[in-house]
Amino acid sequence: MWIFVFFDLPTETKKDRKNYAQFRKNLQKDGFTMMQYSIYVRHCSSRENADVHIRRVKSFLAPKGEIIIFSLTDKQFGMMEFFRSQKEAERPGTPQQLELF
């Protein structure tokens with residue numbers, strides 16, 4: 001399961017820029033990586049794990065701006081096509097999952 005966070009936050013005032021930076025830092029602390037500017041993605045091992053991270057993102061939403069959170073299955077993510085300029089680009093790899101018994 002993949003979680004995507006799309007956001008468009010204002011950066012007009014000093015306080016807006018601080019909120020923007022704090023939101024990005026919180027995403028990174030929660031294991032999200034930047035896919036494109038203002039698009040962050042995180043792999044989760046299950047739907048339950050994804051729900052935990054979605055709730056966490058909701059807990060630190062910025063006071064202004066637009067934020068979209070959605071999830072894709074591994075199969076749906078695998079059907080995405082990635083390009084840089086006109087050349088096909090390598091898709092981000094699925095992180096290795098560690099199982100503890």
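Helices (H or I, at least four residues) and strands (E, at least two) are DSSP runs, numbered from the N terminus. The structure shown is a predicted model, in which local features need pLDDT of at least 70, side-chain atom pairs count only at pLDDT 80 or more, and totals for chains, interfaces and linings use all residues. Residues are numbered from 1 along each chain as its sequence is written, and side-chain values use heavy atoms, with hydrogens and water left out.

**View 1. Ser38 lies in the loop between strand 2 (33-36) and strand 3 (39-43).** Although Ser38 is not a glycine, its phi is positive, at about 65 degrees. Ser38 counts as partly exposed because its relative accessibility is 21%; buried means under 20% relative accessible area, exposed over 50%, and partly exposed in between (1.4 Å probe, protein chains only).

**View 2. Helix 1 spans residues 14-29.** Its buried residues are Asp16, Phe23, Asn26 and Leu27. Seen down the axis of helix 1, these buried residues fall within an arc of 100 degrees, so they line one face of the helix; the arc is that of the directions from the helix axis to the C-beta atoms. An α-helix has 3.6 residues a turn, so residues three or four places apart point the same way. On the other side of helix 1, Lys14, Lys18 and Lys29 are exposed.

**View 3. The buried residues of helix 1 pack against strand 1 (2-8), strand 3, helix 2 (47-59) and strand 4 (66-72).** Contact here means heavy atoms within 4.5 Å. Just after helix 1, Gly31 takes a positive phi of about 95 degrees.

Methods
The expected span of a helix is 1.5 Å times one less than its number of residues.
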